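Subject: Structure handover

Hello,

Here is the structure you asked for, with its sequence. My notes on it follow below.

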Amino acid sequence: MKTLVIQLARLGDILQTLPALHAYCRSNSTEKIHFLVRKKFSEIAHILPVCDSVIEMDTKVILEASIFAGEDGVEDSLSVMQKWVERLKAEGYEKIINLSFSPFSSYLTSLLADEGVEVVGYTRHEDGFLAIPDDASAYFYGQVGVNRSNRFHLIDLFASILGVELEDQDWNLSKNYDSKKLENYIAFHIGASNPKKSLSQTAIVGLLRAIVKSSDIGIYLLGGTEDIAMAESIERQLGGSKIKNMVGKTNLAELIDIIAKSKAFMGADSGPMQICNLTNTLCINFSNEFVNFWETGPRSYKSFVCYVKDFSLLDMNEVALEIKTILETGSSEWIQGDRLGYHGAYPTTPSQDFQWSLIKAIYLGEEFPALESSQFARAVVHLNDVNDISLHHLANFQIGNRQQASVLETADKIMDTLATEVEEIMPIVYWFRTEKIRMGPVPLTDLIIQYMDLHKKLKQILELYLKPKWEITEDLL
């Protein structure tokens, strides 16, 4: 059997794909597995090979004609794309797993998947609309993203889509370094995937000065060419032999080696931070309100997130002393689990905790959370009323009745509006909306039946809060 795994996102996503892909290749050793990535970010897949072959998508070659010739070059670009797709199809893949979650990747998957090919992940129906064939990808579509309450790590989500259980051997994909012989330095990445997520130069200088003062450990500064000026300024302010400026001076293989040999890695959300998961390097990750660390935080052994809304509020002397304790003893009150711990103000609200409990109830079959919010109570009543209207019209639906179609469309819009106004109800509405999208092109009579079944499932959830256990009372409304 030949399988194609597609990951056309950026470096950080590829890094978070590799542990799950390693587990898949390990668990399916009889399959011939190819890994498709963009050429720009393919180096890591070659440095840490986990499957039979890496296939590169060279977007520059495909789009070159349209970039330089504009509309006149579109046909040439389409021709190049078509020939590339035909070469991929000639490989005869019997299974395609799309981990990209992008519109382009869904169209590509659809083009590659002939009849009889098993597809996991985003693809397209024959009419061109989005198709989400598996539950894990449906969860990603409905509950993962900005301002969502997902707390499953992307690595775990990728593993779920691939249908594998992660083991220790799937984490450390680089060379095995003897932890007792690690070199005496901390790898410190001064940049971030987004400027809003990064520590300021002032904060970095204050932290490194405190570390140098309290410990004899060295500091390797890491970063890209865009960080060179800041690194030189940091180096001038700190001085001394303990600081080694490697910013802009390492390739990816060297960067992995430096992180793997270090006693710890420190930095904000970034690709280098994700490398820690593949080298099993202890990671101290600085995270703020612009990052969902639940999805992208460190997962290497005994790592933790140092969360604060404003990095300038951190007590750098306290952080430095705790780092010294961790390096000397291997333990800390800050580390609260094998794979992830937290330090700082607990970065959730009662509303976010409630939404997460709702998500686990809907998707994992756990208990539904008790009704506590008056806003949620009102939203449940309104959502139930709208749902009853939809059920009534679906049960009495007449083909060609434009008024009924308009009522049903309006009901869907009201549900979406409720989700924007009352955040506690979002997981339910997003689940409902995603399940509706998953319905493929079928005869109208069959579609009406599927819609009714989904609306009935929605009503079952809402009735949990309407009667009898948490019956909504006037004081809540």
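Which residues does Leu21 touch, not counting residues up to four places away in sequence? They are Val5, Ile33, Phe35, Val50, Cys51 and Leu162. Please keep in mind throughout that this is a predicted model.

**The cores**

Leu21 belongs to the largest nonpolar core, which has 56 residues. Leu21 is among those with the most contacts inside this core, together with Leu18, Phe35, Ile44, Ile97, Leu222 and Phe265. Helix 1, residues 11–27, gives the most to this core, with eight residues. Another core lies apart from it and has 34 residues, including Ile211, Leu221, Met266 and Phe304.

**The chain as a whole**

The protein chain has 18 helices and 14 strands. Its C-alpha atoms fill a box of roughly 80 × 65 × 45 Å along the principal axes. The radius of gyration is 25 Å, which agrees with the value near 23 Å that a compact globule of 477 residues would have.

Of those 477 residues, 51% count as buried. The accessible surface comes to about 23,000 Å², and carbon and sulfur atoms account for 49% of that surface. If we take contacts between residues at least 6 apart in sequence, 64% of them join residues at least 24 apart.

On charge, the protein chain carries 45 positive and 64 negative side chains. The centres of the two sets lie 5 Å apart.

**Two loop residues with positive phi**

Phi of Phe101 is near 60 degrees, a positive value in a residue other than glycine. Phe101 sits in the loop between strand 4 (95–98) and helix 5 (103–112). Its relative accessible area is 15%, so Phe101 counts as buried, the limit being under 20%.

Asn280 also has a positive phi, near 55 degrees, and is likewise a residue other than glycine. Its place is the loop between helix 11 (271–279) and strand 12 (283–287). Is Asn280 exposed, partly exposed or buried? At 35% relative accessibility, Asn280 counts as partly exposed.

Thr123 lies in strand 6, which covers residues 123–124. Thr123 is buried, with a relative accessible area of 8%. Between Thr123 and Phe101 there are 9.2 Å from C-alpha to C-alpha, and the two are 22 residues apart in sequence. Leaving out residues up to four places away in sequence, Thr123 touches Ser106, Thr109, Ser110, Phe129, Leu130, Ala131 and Pro133.

Tyr141 is part of helix 6, residues 135–143. Its relative accessible area is 31%, and Tyr141 is therefore partly exposed. The C-alpha atoms of Tyr141 and Tyr122 are separated by 9.2 Å, with the two residues 19 apart along the chain. Tyr122 is one of the residues that Tyr141 touches, not counting those up to four places away in sequence; the others are Leu130, Ile132, Arg148, Thr434 and Ile437.

**Gln355**

Gln355 lies in helix 14, residues 350–364. With a relative accessible area of 2%, Gln355 is buried. Which residues is Gln355 in contact with, leaving aside its neighbours within four places in sequence? Those are Ser149, Glu423, Glu424, Met426 and Pro427.

**Val442 and Gln450**

Val442 lies in the loop between helix 17 (426–437) and helix 18 (444–466). At 34% relative accessibility, Val442 counts as partly exposed. Apart from its neighbours within four places in sequence, Val442 is in contact with Leu447 and Gln450.

Gln450 lies in helix 18. Gln450 is also partly exposed, at 27% relative accessibility. With its neighbours within four places in sequence set aside, Gln450 is in contact with Met439 and Val442. Gln450 and Val61 are 389 residues apart in sequence, and their C-alpha atoms are 44 Å apart in space.

Regards

Methods:
Residues are numbered from 1 along each chain as its sequence is written. This is a predicted model: local features need pLDDT of at least 70, side-chain atom pairs count only at pLDDT 80 or more; totals for chains, interfaces and linings use all residues. Side-chain values use heavy atoms; hydrogens and water are left out. Helices (H or I, at least four residues) and strands (E, at least two) are DSSP runs, numbered from the N terminus. The radius of gyration is taken over C-alpha atoms; the globule rule is 2.2 Å times the number of residues to the power 0.38. Buried means under 20% relative accessible area, exposed over 50%, partly exposed in between (1.4 Å probe, protein chains only). Contact means heavy atoms within 4.5 Å. Accessible areas come from the Shrake-Rupley method with a 1.4 Å probe; for residues, only the protein chains shown count as cover. Lys and Arg count as positive and Asp and Glu as negative; His and the chain ends are not counted. The place of a charge is taken as NZ of Lys, CZ of Arg, CG of Asp or CD of Glu. A nonpolar core is a set of buried Ala, Val, Leu, Ile, Met, Phe, Trp, Tyr and Cys residues joined through side-chain atoms within 4.5 Å.
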